[in-house]
Amino acid sequence: MTQGYVRKGFAALALATAVSVAAMPATAEGLRFVTSNTGGSFYPIGVAISQILSENGMEAAAEPGGGNSNPISVSQGDADMGFTFAPTFALAMAGEDPFPAPLENIRALAYTHINTTQIAVTEESGITSIDQLEGQPFASQGLSAASATFFRVALGAYGLTEDDLNIVVRGGPAQGANFVRDRNAVGFQATTSMPNGTFTEAFQSVDMTLLPISDEAFDSIVAEYPTFSRAAIPAGTYAGLEEDVPSMSTGAVIVVRDDMDEEMAYQITKTIAENTGKLQGMHAALGPLTPELMASVSGIPLHPGAERYFTEAGLR
């Protein structure tokens with residue numbers, strides 16, 4: 001597998017000051033937490049985490065963002081925290097596609113939840129395999145979204161690029177679902193939590209299914225991107241989904257700058273870890289959230305403040 005299909009269209013992708021518990025960032029609104037478009041899971045999960053932090057004396061606010069653009073925003077000091085995926089974090093630090101230059105000043109705080117690649121198509125399209133998307137009108141995502149990169153990865157495992165499809169719109173899952181409902185696209189995609197509300201609504205209004213990622217395709221993907229894991233979307237996740245659908249998943253990670261005050265990073269991590277029980281009830285994707293999951297970050301560098309908390313808690 002080559003990276004050409006990931007590189008194409010990303011050349012124009014543009015690539016926190018120190019804080020303490022007592023002193024919030026220079027921004028009047030407190031910690032800025034960039035997440036996803038409002039149809040993605042990063043946004044409501046970011047809202048939940050921001051609420052917990054604010055209730056514990058660290059004023060925070062979630063804002064829209066994208067899995068690809070968030071590391072850039074954090075690196076440049078335009079945001080204090082951001083969501084991205086483990087593979088995206090590694091690509092950002094290395095300056096590999098879709099990032100034009102290394103972002104060496106970013107660090108991880110914790111994993112929060114697992115996100116699974118979900119490629120939905122209408123039943124009436126007759127499409128049952130990713131390779132059958134060739135030439136079909138499809139709703140993809142914008143270049144700031146990591147889901148767009150991961151969709152290209154999945155297509156590449158089948159010898160396709162997005163140029164082989166008829167991409168009719170680029171936007172969030174909600175916009176893609178609307179194009180499907182209006183019969184202007186055969187499907188849409190996102191790497192997100194499950195169940196995802198936008199997919200749930202789409203499956204309830206249109207007869208749809210999810211496309212599998214075969215074992216052979218997954219083996220080729222994980223050989224190049226080892227931070228992906230094998231996953232299954234369980235039967236019953238969405239209306240009409242009668243069998244498990246093999247796919248791939250990856251961890252969502254909170255990214256901060258390396259110069260975030262160590263005590264602030266420690267307190268953010270500690271506060272989230274001590275409130276996992278409450279967070280589990282605030283969003284379905286956070287149901288499996290535990291301090292152990294938070295500390296399971298691997299292959300990417302932790303902020304010293306987060307490392308200190310996890311070590312003191314006996315989690316690393």
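View 1. A residue counts as buried under 20% relative accessible area and as exposed over 50%, with partly exposed in between. In this predicted model, Gln132 has a relative accessible area of 35% and is therefore partly exposed. Gln132 is placed in the loop between strand 4 and strand 5, the latter spanning residues 137-140. Leaving aside residues up to four places away in sequence, Gln132 touches Gly126 and Ile127. The C-alpha atom of Gln132 is separated by 9.9 Å from that of Leu160, and these two residues are 28 residues apart along the chain.

**View 2. Pro44 in helix 2.** Pro44 belongs to helix 2, which covers residues 42-55. With a relative accessible area of 28%, Pro44 falls between the limits of 20% and 50% and is therefore partly exposed. Between the C-alpha atoms of Pro44 and Gln132 there is a separation of 33 Å, the two residues being 88 residues apart along the chain.

**View 3. Ser41 and its contacts.** Ser41 sits in the loop between strand 1 (31-34) and helix 2. Its relative accessible area is 5%, so Ser41 is buried. When residues up to four places away in sequence are not counted, Ser41 touches Ser36, His113, Asn115, Thr192, Ser193, Asn196 and His283. The C-alpha atoms of Ser41 and Gln76 are separated by 24 Å, with the two residues 35 residues apart along the chain.

**View 4. The largest pocket and its lining.** The space in the largest pocket comes to about 230 Å³. This pocket is lined by 23 residues, of which Ser36, Asn37, Gln141, Ala145 and Ser147 are the closest to its centre. Helix 5 (146-156) and strand 7 (187-192) are the elements that give two or more residues to the lining, and the largest share, three residues, comes from strand 7. By residue class, the lining of the largest pocket holds six nonpolar and 17 polar residues, and no charged ones.

View 5. Within the view of Ile268, and not counting residues up to four places away in sequence, Ile268 touches Leu31, Leu53, Met58, Met81, Leu109 and Met260.

**View 6. Thr271 in helix 9.** Thr271 is found in helix 9, which runs over residues 262-274. The relative accessible area of Thr271 is 7%, which is under 20%, and Thr271 is therefore buried. Its contacts, not counting residues up to four places away in sequence, are with Ile52, Leu53, Asn56 and Met58.

View 7. Asp97 and Pro98 are joined by a cis peptide bond, for which omega is about 15 degrees. Pro98 is placed in the loop between helix 4 (86-94) and strand 4. A cis peptide bond also joins Met194 and Pro195, with omega about 0 degrees, and Pro195 lies in the loop between strand 7 and helix 7 (197-205). Arg183, a residue other than glycine, has a positive phi, near 65 degrees. Arg183 belongs to the loop between helix 6 (173-181) and strand 7.

**View 8. Confidence along the chain.** The protein chain has an average pLDDT of 89, and 91% of the residues score at least 70. Among the elements of the protein chain, the highest mean pLDDT, 98, is that of helix 12 (residues 304-312), whereas the lowest, 39, is that of helix 1 (residues 4-7). Over residues 1-28 pLDDT stays under 50, although the model has 66 contacts beyond four places in sequence for these residues. Where pLDDT is low, predicted coordinates should not be read in detail.

Notes
Residues numbered from 1 in each chain as written. Predicted model: local features only at pLDDT ≥ 70, side-chain atom pairs only at ≥ 80, totals over all residues. Heavy atoms only, no water. Contact = heavy atoms within 4.5 Å. pLDDT = per-residue confidence, 0-100. Helix = DSSP H or I, 4+ residues; strand = E, 2+ residues; numbered from the N terminus. Buried < 20%, exposed > 50% of the residue type's maximum accessible area, 1.4 Å probe, protein only. 1 Å grid on protein atoms, 1.4 Å probe; cavity = no way out; pocket = protein on both sides within 12 Å on 5 of 7 lines; lining within 4 Å. Points joined across faces, edges and corners; volume = space filled by probe spheres on them. Nonpolar A, V, L, I, M, F, W, Y, C, P; charged D, E, K, R; others polar.
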